[in-house]
Amino acid sequence: MAVHGGAGVIKKEQMPPGAEEAYLEKLREALAKGYGILKAGGPCLDAVETTIRVLEDFPLFNAGKGSAFTHDGRNQMDAAIMNGADLRAGAVAGVSRVRNPIRAARAVMERSHHVMLTGEGAESFAGQAGLAMEEPSYFYTEARWRQLQDALAAERSGDPGALRLGGSPTEEKFGTVGCVALDLGGNLAAGTSTGGMVNKSFNRVGDSPIIGAGP
């Protein structure tokens, strides 16, 4: 099993006191819970979903609670999951009320004849599937809100970095959690979840929920 807590590199001097250890502690917890499923002979899909849910519930990661804010002050989250045993995949994009987007992605894969659902349709599907839903305030964190305000200020000032990337020059692309797991049956599964870029606009969808995208 492998797990990661974000794309990009955050310099230690940019982290608040104690943040590095908090990140690492939660990554270790997520890894332990997922790997425990594998050691007990459980399926890799369960391990991947469980691991990512731990990270989505922790506000320091840019996924689930603590996701980045869009230009108009909303949280829009994306997630995807893939099953190597039968090459199925599921994804959601632009969801704002699903507590754990990775669960919604798996539900799309297992309970629909689609691969990807977006926006309000994805949220309606998640609700019908019995997944936990939250009010927008659940996903708010002060740190992410400040990032948006910094990005908006840079944008107003004409900062070319902010205008080009749509976010804070230092933190606009930090985000996305992910996991890949191999179970005792020799099957692989992988998943990813993200709050996207700070200050993204026009309902942007990144590469995270696009099956086959990325480097």
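The face of helix α1 turned away from its buried side carries the exposed residues Glu25, Ala32 and Lys39. Exposed here means over 50% relative accessible area, buried under 20%, and partly exposed in between, with a 1.4 Å probe and protein chains only. The model is predicted: local features need pLDDT of at least 70, side-chain atom pairs count only at pLDDT 80 or more, and totals for chains, interfaces and linings use all residues. Residues are numbered from 1 along each chain as its sequence is written, and side-chain values use heavy atoms, without hydrogens or water.

Helix α1 comprises 21 residues, 19-39. Helices are DSSP runs of H or I with at least four residues, strands are runs of E with at least two, and both are numbered from the N terminus. At 1.5 Å a residue, α1 should span 30 Å. The expected span is 1.5 Å times one less than the number of residues. The end C-alpha atoms of α1 are 30 Å apart, which agrees.

The buried residues of α1 are Ala19, Tyr23, Lys26, Leu27, Ala30, Gly34 and Leu38. They cover an arc of only 125° around the axis, which puts them on the same side of α1. The arc is that of the directions from the helix axis to the C-beta atoms. An α-helix has 3.6 residues a turn, so residues three or four places apart point the same way. The cover over the buried residues of α1 includes β1 (2-4), α2 (44-56) and β5 (177-182), with contact taken as heavy atoms within 4.5 Å. Glycine 41 follows α1 and has a positive phi, near 90°.

The structure holds 13 salt bridges. Each is a side-chain nitrogen of Lys or Arg within 4 Å of a carboxyl oxygen of Asp or Glu. One of them joins glutamate 29 and lysine 33, at 3.3 Å from N to O. Both residues lie in α1, 4 residues apart, about one turn of the helix. Glutamate 29 is partly exposed, at 29% relative accessibility. Lysine 33 is also partly exposed, at 44%.

A further salt bridge pairs arginine 106 with aspartate 46, at 2.8 Å from N to O. This pair links distant parts of the chain: arginine 106 lies in helix α3 (residues 101-111) and aspartate 46 in helix α2, 60 residues apart. Arginine 106 is buried, at 13% relative accessibility. Aspartate 46 is partly exposed, at 27%. Salt bridges that share partners join Asp46, Glu49, Arg53, Arg103, Arg106 and Glu110 into one network.
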